[in-house]
Amino acid sequence: MGDKLKKILEILCGTLSGLALFAIMVLTFLDVSGRKILSHSITGSLELTELLMVVVIFGALPLVSLKGEHVVFDSLDVVLPRLVRKIQQGLVHLACAALLFGLAYLMWQTGGEFAVTGETTAQLKITKAPFIQGMGVLCGLTGLVHLVKAFWSGEESASEGGTL
């Protein structure tokens, strides 16, 4: 992947996930403080936290794939020749891309159905469709990352911390 595209992806997805995580921290602080000091919690704080967690997780997914920070079982890597490992990595990336594209399609469709039916959260009545379709877009973006990595001849950059 081009360095410029990587940087844009890192900035956009990192900012999205970071802001959502920060919002969760502020919301939790205010909710707990309000409960302890004023004996009143923030209405719908659980719903907001759930929605923000969706943003954190799916916003970070393209970055995790880009940096190769998934958990990897590499018990056969010492036995397999380098060429076989490269083919295996390419096939795994293709499988991940196909699954993520399928998931993206299903989420986009579900979001569309939710938009038509007007599906909302129980307490705050926040529309669910944009969140589900956003999940679909981010899954599609992650699928693109895997598709590019399947054919990219660069060195696989899996972090050592995620390897078993």
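A: The model is predicted, and every value given here is computed from it. Helix H3, which covers residues 82-117, and helix H4, which covers residues 129-151, have axes that come within 7 Å and cross at roughly 165°. Because an angle over 145 degrees counts as roughly antiparallel, H3 and H4 are roughly antiparallel to each other. The crossing of these two helices, H3 and H4, is left-handed, and the contact of H3 with H4 comprises, by class, 20 nonpolar, 11 polar and 1 charged residues.

On the surface, Leu83, Ile87, Leu91, Leu94, Phe101, Leu144, Leu147 and Phe151 form a nonpolar patch, and together these residues have about 770 Å² of accessible area. The elements that give two or more residues to this nonpolar patch are H3 and H4, with the largest share, 5 residues, coming from H3. One of the patch residues, Ile87, is found in helix H3.

The other pair can be described in the same terms. Helix H1 (residues 3-37) packs with helix H2 (residues 45-67) at an angle of about 155°, and their axes are 9 Å apart, which makes H1 roughly antiparallel to H2. H1 passes H2 in a left-handed crossing, and by class the contact of H1 with H2 has 17 nonpolar, 5 polar and 4 charged residues.

How values were computed:
Residues numbered from 1 in each chain as written. Predicted model: local features only at pLDDT ≥ 70, side-chain atom pairs only at ≥ 80, totals over all residues. Heavy atoms only, no water. Axes fitted to C-alpha atoms, helices over the stretch in contact; angles between N-to-C directions. Helix = DSSP H or I, 4+ residues; strand = E, 2+ residues; numbered from the N terminus. Parallel < 35°, antiparallel > 145°, perpendicular 65-115°, else oblique. Left-handed = near helix turned anticlockwise from the far one by under 90°. Nonpolar A, V, L, I, M, F, W, Y, C, P; charged D, E, K, R; others polar. Patch = residues over 30% accessible without salt bridge, like charges linked within 9 Å, V, L, I, M, F, W, Y side chains within 5 Å. Areas by Shrake-Rupley, 256 points an atom, 1.4 Å probe, with all protein chains shown as cover. Salt bridge = Lys/Arg side-chain N within 4 Å of Asp/Glu carboxyl O.
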